[in-house]
Amino acid sequence: MADDQKLWGYPEVAAHLGISVGAARSRKSRGSLPAPDDDSVPDRPRWKPSTFQGWKPVGRGFRSDLHDTPAPPSSSPAPGAS
């Protein structure tokens, strides 16, 4: 890597996302993490910290209300509400 930026392994990625190392490995195997910036060592993918800047997990468990994502506009009231 020509970049001097320190690379993150599973422990650093897990800490950044607030999940366990096992959960980080699971997300990687499901394709729920960005592609690693360095996969030259088998079973040891590594990411640049900048890869996670602006990246948001997609799918179950992501609480967009805890982040800077605007809430969807409220539509018509629920049926039967008056």
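This briefing walks through the fold, the helix pair, the salt bridges and a few individual residues of the chain above. Please keep in mind that the model is predicted. The chain holds two helices and zero strands, and buried residues account for 21% of its 82 residues. Two salt bridges are counted, and the two helices, H1 and H2, have axes that cross at roughly 100°.

**The chain as a whole**

- The secondary structure consists of two helices, with zero strands.
- Of the 82 residues in the chain, 21% are buried.
- The accessible surface is about 6,200 Å², and carbon and sulfur atoms contribute 51% of that area.
- Taking contacts between residues at least 6 apart in sequence, 39% link residues that are at least 24 apart.

**How the two helices meet**

- Helix H1 covers residues 10-17 and helix H2 covers residues 21-30.
- Their axes come within 8 Å of each other and cross at roughly 100°.
- H1 is therefore roughly perpendicular to H2, because angles from 65 to 115 degrees fall in that class.
- On the H1 side, the contact is made by Tyr 10, Pro 11, Ala 14 and Leu 17.
- On the H2 side, the residues in this contact are Val 21, Ala 24, Arg 25, Arg 27 and Lys 28.
- Sorted by class, the contact of H1 with H2 has six nonpolar and three charged residues, with no polar ones.

**Arg 27, a buried residue in H2**

- Arg 27 sits in helix H2 and is one of the residues that H2 brings to the contact with H1.
- With a relative accessible area of 19%, Arg 27 is buried, because the cut-off for buried is under 20%.
- Beyond its neighbours within four places in sequence, Arg 27 touches Leu 17, Ile 19, Ser 32, Leu 33 and Pro 57.
- One of these partners, Leu 17, belongs to the H1 side of the helix contact.

**Salt bridges**

- Side chains of opposite charge can pair when their charged atoms come close.
- The count for this chain is two salt bridges.
- One of them joins Glu 12 and Lys 6, with 4.0 Å between the closest N and O atoms.
- In that pair, Glu 12 is partly exposed at 30% relative accessible area, whereas Lys 6 is exposed at 57%.
- Another joins Asp 38 and Arg 46, where the closest N and O atoms are 3.5 Å apart.
- Here Asp 38 counts as buried at 13% relative accessibility, while Arg 46 is partly exposed at 36%.

- Asp 43 lies in the segment after H2.
- The phi angle of Asp 43 is near 65°, which is a positive value in a residue other than glycine.
- Asp 43 counts as exposed, with 69% relative accessibility.
- Val 58 is also located in the segment after H2.
- At a relative accessible area of 76%, Val 58 is exposed, because that class takes values over 50%.
- The C-alpha atoms of Val 58 and Leu 33 are 9.1 Å apart, although 25 residues separate the two along the chain.

Key
Residues numbered from 1 in each chain as written. Predicted model: local features only at pLDDT ≥ 70, side-chain atom pairs only at ≥ 80, totals over all residues. Heavy atoms only, no water. Helix = DSSP H or I, 4+ residues; strand = E, 2+ residues; numbered from the N terminus. Buried < 20%, exposed > 50% of the residue type's maximum accessible area, 1.4 Å probe, protein only. Contact = heavy atoms within 4.5 Å. Areas by Shrake-Rupley, 256 points an atom, 1.4 Å probe, with all protein chains shown as cover. Salt bridge = Lys/Arg side-chain N within 4 Å of Asp/Glu carboxyl O. Axes fitted to C-alpha atoms, helices over the stretch in contact; angles between N-to-C directions. Parallel < 35°, antiparallel > 145°, perpendicular 65-115°, else oblique. Nonpolar A, V, L, I, M, F, W, Y, C, P; charged D, E, K, R; others polar.
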